There are 2 protein chains.
Amino acid sequence: VLTRIDHVGIAVPDLDAALAHYTGTFGLTVAGTEVNEAQGVREAMLELGAAGPAAGSYVQLLEPLRPDTPVGRFLAKRGPGLHHVGYAVDDIAAELESLAAAGIELIDSRPRHGSLGASIAFLHPRGLFGVLTELVEAARD
Amino acid sequence: VLTRIDHVGIAVPDLDAALAHYTGTFGLTVAGTEVNEAQGVREAMLELGAAGPAAGSYVQLLEPLRPDTPVGRFLAKRGPGLHHVGYAVDDIAAELESLAAAGIELIDSRPRHGSLGASIAFLHPRGLFGVLTELVEAARD
C-alpha cells in the first residue's frame, strides 16, 4: 500500500542554483544534502511545511556527478525537470514481493540505501506509464 | 509557503487502463473523475493511504480530450510520464501575489477551477528548472 507521496525528484544541472531558488523563493528547508556514488548524484532533500502531519514530504534536487549516470543521461535527453516520484510504504520488502508477484518490473529487487537513511527501491517506468517510481521506507526515529 | 505535495500529475494515453493499474496493483482509491474542458483533459484523482494526516495526497491521471491540448502535445512529444507537481498552499491568491513580486513567471495570474473543487494556478516551467508547477488551495470542507 502506498501511504503518501514522499517526494518528487527533480533533475537539475546545478544543485546550488536550484537550492537557492527552492529555499529562497519557495521557502523550503534543507533536510539534508549528500553524495550518493551508487546513484551518481549530488542531492538535497528539501522539506515542505512545518513538522507534524506534513513531515516527510520532500522535494529532492538531483545533480549528476558525471554525464554517464542515469540523471546525467536524463538531463542530456530531456533537459531539467521531473525525474521520478517516491511513495512512502510501511514495509518495503513485503511491498516489493507483492509487486513482483503482480508482474511489476522492478529495477531493485532488494531495498538499497536512499536519502535521509531511508530504504528505497525503484520500479521500472515500463509498464508504469513512463513514470520512474520509487518506494521509500523511512528510517526509524 | 508550500505546505505539502498535493499531487503528481501523470499524462497517459488511456485513462481507463491507467486507472485499472493504479487501483488494482497499487491499491489506490478513486476520489473523483471529471472532464475539464478548459484544460482539455479527462482525469481521475486517486487518493493515497488512509484518511487522516495523509488525506489530500493524490495521483492525478490525465488523458487528453484531443491532440491539440497541452497534455496531448506533451504525450506526442515525450510520451506518457510525469507531467506536473501540485503543492498545497493555504492562501493561493496571496501566494501568487508574492511569487509574482519575486519575479516568478505565472501561467495563471488568478486562481481557476481545479480537481475536487480546489482553486489552482500553474507556474511556468521556465525558471523552475523545467518543472510545470501547480499551486492548490483545497476546497473548504
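Me: Great. What should I know before we start?

Reply: This is a predicted model, where local features need pLDDT of at least 70, side-chain atom pairs count only at pLDDT 80 or more, and totals for chains, interfaces and linings use all residues. Residues are numbered from 1 along each chain as its sequence is written, chains are lettered from A and ligands numbered from 1 in the order in which they are written, and side-chain values use heavy atoms, with hydrogens and water left out.

Me: Okay, how many residues does the contact take from chain B and from chain A?

Reply: Chain B gives 39 residues and chain A gives 39 residues. Contact here means heavy atoms within 4.5 Å.

Me: And what area do they bury between them?

Reply: About 3200 Å², with 74% of it on carbon and sulfur atoms. Buried area is the accessible area (1.4 Å probe) that two parts lose on being put together, summed over both. In chain B, the residues that lose the most area to chain A are B:F26, B:L82 and B:F129, together 22% of what that side buries.

Me: Which element gives the most to that side of chain B?

Reply: The elements that give two or more residues there are β1 (4–11), α1 (15–24), β4 (58–64) and β5 (81–88) of chain B, and β5(B) gives the most, with 6 residues. Helices (H or I, at least four residues) and strands (E, at least two) are DSSP runs, numbered from the N terminus.

Me: Then which residue does A:R42 form a salt bridge with?

Reply: A:R42 pairs with A:E63, the closest N and O atoms being 3.5 Å apart. A:R42 lies in strand β3 (residues 41–47) of chain A and A:E63 in strand β4 (residues 58–64) of chain A, so the pair ties together parts that are 21 residues apart in sequence.

Me: Is A:E63 buried or exposed?

Reply: A:E63 is buried, with a relative accessible area of 15%, whereas A:R42 is partly exposed at 28%. The cut-offs are under 20% relative accessible area for buried, over 50% for exposed and partly exposed in between (1.4 Å probe, protein chains only).

Me: What about chain B, where does B:R126 lie?

Reply: B:R126 forms a salt bridge with B:E105 (2.7 Å, N to O). B:R126 lies in the loop between β7 (119–123) and β8 (133–137) of chain B, and B:E105 in the loop between α3 (92–101) and β6 (112–113) of chain B. B:R126 is exposed at 52% relative accessibility, and B:E105 is partly exposed at 35%.

Me: New topic: what does A:L123 touch?

Reply: A:L123 is in strand β7 (residues 119–123) of chain A and is buried, with a relative accessible area of 0%. Not counting residues up to four places away in sequence, A:L123 touches a list of residues including A:L96, A:I107, A:L135 and, from chain B, B:F26.

Me: Last one: where is A:N36?

Reply: A:N36 is in strand β2 (residues 29–36) of chain A, and is buried at 7% relative accessible area. Leaving aside neighbours within four places in sequence, A:N36 is in contact with A:V41, A:L65 and A:H113.

Definitions and conventions. A salt bridge is a side-chain nitrogen of Lys or Arg within 4 Å of a carboxyl oxygen of Asp or Glu.
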